[in-house]
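Dear colleague,

I am handing over the structure we spoke about, and my notes on it follow below. Please read them with the model open beside you.

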Amino acid sequence: MTAPAARRTEIAMPRMDCPSEERLVRMALDGVEAIVELRFDLGARTLHVIHRGEPGPVLAKLEPLGLGARVVDSGEAGAAPAAPEARDEAGTLRLLLGINATLFLVEIVAGWLAQSTGLIADSLDMLADAFVYGLGLWAVGRPSAAKLRAAHASGLLQALLAAGVFADVARRWVAGSAPEPPAMIGISSLALAGNVACLLLLARHRHGGAHMKASWIFSTNDVLANLGVIAAGALVAATGSRVPDLVVGTIVAGLVLLGAVRILRLR
């Protein structure tokens, strides 16, 4: 049996005029597998839904919101251009992917040369984030179920990398290390600037699909990790001990693992 043809349904929602109400609509429709894409026009107070099957089930999800939802038009979707929202998400994710891939290369080299477990932990977090953004880019414009699968895949990847960081920290506790504070502080400051830029780029998308929520969570954790490595570098310089670096490496790995758990709990 072939799948129903894709349809484009225009739904007028006269009481939908702000981002918070858009968010309510997204939550109401999240998980409806028949939906391929949502296209909002808050100025015109309309929603275009690309979906399979009849529009009745979609409208049934919206009516309880009290936004005056009613179907204006419904017909075959045809070859429609990508929605501005989807193009915006894709452009943001490409920038984030480039920033994190670059910072990963800088931090992994600097961390290895400086013998800093904190920098290495943060670099692996950057690598995981680059994969997250790549998966998010794949999910743009796809159904909610696909976005959720992409988010869960990124969560599993984060968990695996967290395990690798824990193993490296344990190795350095046993084998020893001599972290270099200037490199720790300098490189982490550069990474912090990059991650703050990522957060600013993601801010307007953080309430979007699961793939964008995952990106927001991981970028927030990155900022916390950068601040931790900078603090560890200062403590290593002040005390001459490698312990702060190892402790922060462990904390960063814990942050990565907690972020993975939060993503895996998204529904």
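Two strands are taken to pair if DSSP finds at least two bridges between them, and the pairings described here rest on that criterion in a model that is predicted.

On that basis strand S1 (residues 6–12) and S3 pair in the antiparallel sense over 7 bridges, and within this pairing arginine 8 stands opposite isoleucine 50 in S3. On the other pairing, 6 bridges join S2 to strand S3 (residues 46–52), again antiparallel, with phenylalanine 40 opposite leucine 47 and aspartate 41 opposite threonine 46. The hairpin of S2 and S3 has 4 residues between the strands, and arginine 45 takes a positive phi near 55° there.

Taken together, 4 strands form an open, antiparallel sheet in the order S2-S3-S1-S4. Its edge strands are S2 (35–41) and S4 (70–76), each of which pairs on one side only, and the twist averages 15° from one strand to the next.

Helix H1 (residues 19–29) lies across S2 and S3, running at about 170° to S2. As for S3 itself, 5 of its 7 residues are buried, so this strand is largely enclosed by the rest of the structure.

With best regards

How values were computed
Residues numbered from 1 in each chain as written. Predicted model: local features only at pLDDT ≥ 70, side-chain atom pairs only at ≥ 80, totals over all residues. Heavy atoms only, no water. Helix = DSSP H or I, 4+ residues; strand = E, 2+ residues; numbered from the N terminus. Axes fitted to C-alpha atoms, helices over the stretch in contact; angles between N-to-C directions. Contact = heavy atoms within 4.5 Å. Buried < 20%, exposed > 50% of the residue type's maximum accessible area, 1.4 Å probe, protein only.
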